[in-house]
Amino acid sequence: MAKLPQVVLLKQILKKCSSLSKKNEVHFPIDVPKGHFAVYVGKNRTRYIVPISFLTNPEFQCLLRCAEEEFGFNHDMGITIPCEEFIFQSLTSILS
């Protein structure tokens with residue numbers, strides 16, 4: 001099986017994580033700035049707004065793969081990252 005280019009995989013992840021309307025238009029929450037997306041982290045599902053540029057980072061991609069393995073992307077609850085909040089905060093502070 002041929003390995004898909006990274007850009008294609010990232011687009012597939014975003015598409016799976018987005019809620020689609022009847023017209024297949026992607027709708028994002030109005031409080032999320034352009035170029036960002038929301039994720040939910042930890043047991044309390046604390047919401048974080050992160051830049052799309054994080055999607056190109058290998059460590060962040062690993063978190064997304066873990067999220068897909070643990071929760072899947074076929075639900076309307078948003079991307080849930082299965083790690084402790086302090087670990088997520090540490091990673092995002094390094095990436096920022």
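Me: Is the crossing of α2 and α3 left-handed or right-handed?

Reply: A crossing is left-handed if the near helix is turned anticlockwise from the far one by less than a right angle, and right-handed if clockwise. In this predicted model, the crossing of α2 and α3 is left-handed. Helices here are DSSP runs of H or I with at least four residues, strands are runs of E with at least two, and both are numbered from the N terminus.

Me: Which residues make the contact of α2 and α3?

Reply: Contact means heavy atoms within 4.5 Å. From α2 come E59, F60 and L63, and from α3 come F88, L91 and L95. Five residues of this contact are nonpolar, none is polar and one is charged. In this count, Ala, Val, Leu, Ile, Met, Phe, Trp, Tyr, Cys and Pro are nonpolar, Asp, Glu, Lys and Arg are charged, and the others, Gly among them, are polar.

Me: At what angle do the axes of α2 and α3 cross?

Reply: An axis is a line fitted to C-alpha atoms, for helices over the stretch in contact, and angles run from 0 to 180 degrees between N-to-C directions. The axes of α2 and α3 cross at roughly 145° and come within 10 Å.

Me: Which residues of α3 are buried?

Reply: Buried means under 20% relative accessible area, exposed over 50%, and partly exposed in between, with a 1.4 Å probe and protein chains only. In α3, residues 85-95, the buried ones include F88, L91 and T92. These residues lie on the same side of α3, because they cover an arc of only 95° around the axis. The arc is that of the directions from the helix axis to the C-beta atoms. On the other side of α3, F86 and I94 are exposed.

Me: What covers the buried residues of α3?

Reply: The cover includes strands β1 (36-41), β2 (46-51) and β3 (79-81), together with helix α2 (58-71).

Me: In what order do the elements of the chain run?

Reply: From the N terminus on, the order is α-β-β-α-β-α. Buried residues make up 30% of the 96 residues in the chain.

Me: What should I know about the numbering and the cut-offs?

Reply: Residues are numbered from 1 along each chain as its sequence is written. Local features need pLDDT of at least 70, side-chain atom pairs count only at pLDDT 80 or more, totals for chains, interfaces and linings use all residues, and side-chain values use heavy atoms, with hydrogens and water left out.
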